[in-house]
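Work through the exercises below with the sequence and the model at hand. Each task is followed by a solution in steps.

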Amino acid sequence: MSNTLELLKDLIRRPSVTPLDEGCQDVLTDRLKPLGFSEERLDFVDTQNLWLRKGTAKPLFVFLGHTDVVPTGSLDAWVSPPFEPTIRDGKLYGRGAADMKGGIAAFVTAIERFVAKHPHHQGSIAVMMTSDEEGIATNGVVKVVEVLEARHEKIDWCLVGEPSSDKKIGDVIRVGRRGSLCAKLTIQGIQGHVAYPELANNPIHNFAPALKELTEEVWDQGNHNFPPTSLQVSNIHSGTGAENIIPGNVEVQFNLRFSTELDEHIIKQRTHAILDKHGFSYDMQWRLSGNPFLTKRGELIEAAHAAIKTITGYETKDDTGGGTSDGRFIAPTGAQVIELGPINESIHKINEHIDLNDLEVLSAIYEQILINLLT
């Protein structure tokens with residue numbers, strides 16, 4: 001069994017459903033401290049964060065990851081237990097195999113090989129880990145970055161091991177991400193009997209035209225690097241469950257994934273303008289999950305392209321699609337940030353898995369990136 005596969009299986013066995021870590025960060029510390037990495041725990045509230053660094057010189061290269069995973073869903077739907085790593089047909093199955101314990105295992109073993117071969121490499125290498133990426137991410141990387149910024153510890157290059165690949169390992173790297181703005185909207189009405197609508201005020205009926213307008217709004221056209229902004233309704237809750245009661249309110253949750261053509265203030269202004277003209281009473285709560293960011297072509301992207309070409313023989317594609325990642329907290333510091341990791345087809349799904357060969361190829365790509373940048 002390869003070192004990368006052995007490490008990944010150890011991590012999967014630990015049921016680290018967000019925001020739990022279940023000893024995963026201890027495992028990584030035990031692997032890297034003997035190589036000269038210093039250990040710093042930066043825990044906040046219920047979130048465990050780890051900062052491991054080897055060296056003090058510039059430039060600083062950081063591998064970023066999260067040890068928490070999403071809940072398993074129905075255990076009966078899994079072919080094998082989600083926290084018992086199981087190999088079938090050349091794939092390793094288990095929760096977190098692709099998102100993102102596979103990436104973590106790959107970059108840890110890449111670091112081990114690189115340091116063994118290049119003990120006097122240039123610059124510094126660090127690993128940043130959190131147990132709160134799959135949750136609301138309020139006590140994880142965002143807080144660690146605040147600590148680093150306060151002491152002027154600047155990251156030059158950051159590689160996030162999130163599952164970025166599409167059809168084959170390394171065929172896509174994320175060089176940026178759209179912003180994410182969440183909204184919780186409550187429309188007030190007057191509850192009453194369905195037989196006496198004149199004595200009530202149905203908030204669902206009042207909101208329906210505004211909902212149509214919000215979902216049909218052309219927020220922008222996107223640009224060369226980003227697709228157009230999208231608003232998607234995720235939840236609507238209303239009513240008492242009885243069929244003869246007009247509800248007193250309706251609660252709607254929606255999310256906008258927005259490009260660099262917009263910012264949160266413009267989105268909020270346009271949203272409120274649409275709602276206000278329909279004349280109903282409402283309350284709105286906003287939460288900015290992250291602003292859009294884009295890493296321009298530079299040393300990190302060039303090193304990643306060259307490494308993928310060296311190891312796989314094919315060219316990769318730069319992309320900004322997908323969801324959000326903790327890279328959104330690193331980019332504002334001025335660091336170059338990319339995401340490069342496993343194939344994302346099975347992430348957050350029942351029977352999540354990673355191809356055994358992909359795991360080894362990914363680790364080799366990570367090692368080659370270190371070679372390209374630090375030797």
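A pocket is an open set of grid points with protein on both sides within 12 Å along at least five of seven lines. The model used here is predicted.

**Exercise 1.** Describe the second largest pocket by its volume, lining and classes.

Solution. Step 1: the space in the second largest pocket is about 160 Å³. Step 2: its lining is made up of C182, A183, K184, S234, Q253, F254, N255, Q285, W286 and R287. Step 3: β10, β14 and β15 are the elements that each give two or more residues to this lining. Step 4: sorted by class, the lining holds four nonpolar, four polar and two charged residues.

**Exercise 2.** Which residues line the largest cavity, and which helix gives the largest share?

Solution. Step 1: the whole structure has one cavity of 30 Å³ or more, and the largest cavity holds about 40 Å³ of space. Step 2: V145, L148, E149, E153, K154, I155, I330 and T333 form the lining. Step 3: helix α4 (residues 141–150) gives the largest share, three residues.

Conventions
Residues numbered from 1 in each chain as written. Predicted model: local features only at pLDDT ≥ 70, side-chain atom pairs only at ≥ 80, totals over all residues. Heavy atoms only, no water. 1 Å grid on protein atoms, 1.4 Å probe; cavity = no way out; pocket = protein on both sides within 12 Å on 5 of 7 lines; lining within 4 Å. Points joined across faces, edges and corners; volume = space filled by probe spheres on them. Helix = DSSP H or I, 4+ residues; strand = E, 2+ residues; numbered from the N terminus. Nonpolar A, V, L, I, M, F, W, Y, C, P; charged D, E, K, R; others polar.
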